[in-house]
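Here are a few exercises to work through with the model open beside you. Try each task before reading its solution.

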Amino acid sequence: MSVIVYHARFTVGGDRILQGGYLGVDLFFLISGFLIGGIVTSELREGRFSLWNFYERRARRILPALVCVLVASSVAAVLLMTPAALREFSQSLVSTIFFFSNIHFLFQDSYTAAPSQLQPLLHTWSLSVEEQFYLVLPLALLLLRRRAQFQMGILSVLSVLSLMLASTLVTTNNAAAFFLPFSRAWELLIGAILAQVLLDSDRVEQPSAARYLPSLGAGIVVVSIAFFDETTPHPSIITLLPILGGVLIIGWANPWDPATRLLASRPLVAVGLASYSLYLWHFPIFAFLRIGNDGTGTSGLMVSGMVLTAVLSALTWRWVEQPFRRRDSVPLRMFYLWAGLPLVGSLVLATVVLTRPVEGAYPSIPSDFFASFEVFEPSTGPADCIDQNGFMNPTTWCQLGVDGSRPSFLLVGDSHAEALAASIDAAARKMGLSGRLVARSGCPLLLGLEPQRGQPMSQQCADLAERALDYVERESIKTVIFASRWNYYTCGEPKPDCGFTQNIRALGGEWPASLAERTLVLSIALNQTLAAYLSSGAELHIVTQVPHQLRDPKEVFEAYFAGQDDALTAMALPVADHQVFGAAIGEMFRSAVAVYPDVVIHDPGRVLCGKGGICRIGAEYASFYSDDDHLSVGSATVMSDWAQGILR
C-alpha cells in the first residue's frame, strides 16, 4: 500500500507525503526471495524439484493478471495517447512482455521524474528484476544441492557483493543501481537466506524477550518509509534498515506479537492476497488518469484511481489469478491459449505502432511539411553532439555557423538551447561566424546549480557548467548566449499546479519545496554565473522563455491541413497567457540586468507573438515547434534575422 500512496503523489501543505513509500518494492523483493527461495529449497531437499514445474508455476502466478493489465493498458493507450506517446508506450510494452523493462526504463527519464508518471508500464521494472533473478536462483540452488554446506555461505557472499555494488553504483549511476538486477539481488537473496535459516532450524528460537521483535521490525519499516525520500541514496547500505525490519517481521513472527496479529487480521490478509493485482493495476490507472487530465493528477483524481484499483484488483484476484493458478481449473493447453493470444495481440499492436511511420498518424499533413517539425542537427562537425557520452570534451560539442574558423560564440543551456540552435546556426552562416553549442537536457548549465535528475546526471550537469566556463576562458570566446527552458526549473508548465517541474538546488544545499524557493535558487545561480562569465571578458546574452504552446504542433497542423482554416490561430497560445506564465522569470532577468547592466536580454516572443493576440505555432509553410515548448528547424525561417541581432 505504501507504494500506491507514493505513486499517487499526495501533498499536504505543498509537501509530498510518504516519500519513502517506494520501499514497499524493496520489501516485496525480500518477501519474494523468502517465499520462492523457501519453496525451491524445500523441493530440492525432498527430491521433487522440477525446473519445468517451477517455471510453469511462475507463469501461472505472473502472466494471467499481467496479461489483463497489458491488454487494458494497450486499449487505453490507443484511445488516450498522442502518436508520439503511443510509440513510447509500445516500446515499454514489448520490454514488459519479454521481462526486460528494467533495462528499457534505465535509459528513460529517472524513476522519480515527473514525466515518468505518464509511463503506464513503468512499475513493471520490478517484475523484470524478479523474473531475471529467478532465471538464475533455481539453477544455482540446483547446482549447489550436493554442496549444501557451502550453499549458505555462497548466497551470503553474493548478497554482500550485490549490496556493495548497489552502494557504489548509487553514487556514480543512480539509475543503474535502481534498475539493474545485480544491484537488487541482495534483497531477494536475503529473503532466500532467511527461508533456508528457518527451514534448518524449524523456526528461530523464541525467548520471551524476542517475542516482540516483529513489532520492532514493523516500527523500523514505518520509520524508514516516513523518513526516506527521493534524495536518500537508494538502494544502498541504508536500505538495509527497512530490509532488516522485514526480516524481523518474517523471521520472528509469533502469535504473541501485536504486529504479527495485525498482519494476520482478515483485512490485511485480504490486501496481501490481492497485493500482486493491486500493484499491477495502480500505476497504469494513475498514469492514464493523469494523461486524460492534461498530464496532472489532483488528489481527488488519485483517490478515485485508488478506488478503481481496489475494484479491478479484487475482480482480477478472484476471476483471473485464482483459476489460472490451478491445473484442474485451467489445463496447460488452455493456459497457453488464454495467456498467449493476448500477449501475441499486444505484440502485434506494438509492432504496428513501432513500424508505422510518424507521418501515418497525421494523414492530412503533406509529407514534405514534416521536415519543419525536426529538431536541430548540425551540418558540420560531430553529428551526435547532444546528450552523448563524451559531452565533457569540447571537441564533441555541436559546431554552429561556418566551418573551419575559430569559434567566436558559445550557445549554452538545456534542450531549449539546442532548439534555438537552428536559428543561431542560420544567422551565423549569413554572418560568416563560427561557434559551438554545449547543451544537456534538463540542465540549465548555471554555475553552482544541480537539477534533481539522479546520479550521475545531476553531478554531470554541474560539472558541464564548469567546463563551459573553462572553455570560454581558455578559448577567449567573444559572445556567450544562455538559453534554457527557464520556467521548467521554477514552474514547469502553464497550469495551476505547475505541471512537470524540474527541481533544482544549490550544490550541497536543500531541495526547495516551493515556487518562491526554486525561483530564488535559480536567481542566485544566474547571478553567480553572470559574474563569472563577465570576468572572462565575454559579451553575455540571455534568451528568455520561449512561448509554451498549449497543443502539440502536429495536432494543430493536422487540423489545419484537414480543412480547419482557423486552426493556426484558434489553437495557438494567447499572448496574455505567455506574459503571465513568464512574468516571474522576466522579473528575475530584469533584476539580474540591474546588477549587471552589460548583459543583454532577448525575447523570442518579440518575433513569435503579437499579431492577432497570439504566439504563433507556425505558418502555412512551416511549423515553428517540434513539440509544445521546443522550437523546430522551421522556426529559423522567421527567427534567423532576430538571431543575427544577438551575434552582432
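Helix axes are lines fitted to C-alpha atoms over the stretch in contact, and angles between N-to-C directions run from 0 to 180 degrees. Helices are DSSP runs (H or I, at least four residues) and strands are E runs of at least two, numbered from the N terminus. This is a predicted model, where local features need pLDDT of at least 70, side-chain atom pairs count only at pLDDT 80 or more, and totals for chains, interfaces and linings use all residues. Residues are numbered from 1 along each chain as its sequence is written, and side-chain values use heavy atoms, with hydrogens and water left out.

**Exercise 1.** Work out how α3 and α4 pack.

Step 1: α3 (residues 51-80) and α4 (residues 83-97) have axes 11 Å apart, at an angle of about 170 degrees.
Step 2: That angle makes α3 roughly antiparallel to α4 (the cut-off is over 145 degrees).
Step 3: Look at the contacts (heavy atoms within 4.5 Å): the α3 side includes L66, L70 and V78, and the α4 side includes L86, F89 and I97.

**Exercise 2.** Is Q91 buried, partly exposed or exposed?

Step 1: Find Q91 in helix α4.
Step 2: Buried means under 20% relative accessible area, exposed over 50%, partly exposed in between (1.4 Å probe, protein chains only).
Step 3: Q91 has 35% relative accessibility, so Q91 is partly exposed.
Step 4: Leaving out residues up to four places away in sequence, Q91 touches H104 and L354.

**Exercise 3.** Explain why α25 counts as largely enclosed.

Step 1: In α25 (residues 636-647), nine of the 12 residues are buried, so the rest of the structure largely encloses this helix.
Step 2: Among the buried ones are M639, W642 and L647.
Step 3: Their packing partners include β4 (409-413) and α17 (415-431).

Note on methods
Angles under 35 degrees count as roughly parallel, over 145 as roughly antiparallel, 65 to 115 as roughly perpendicular and the rest as oblique.
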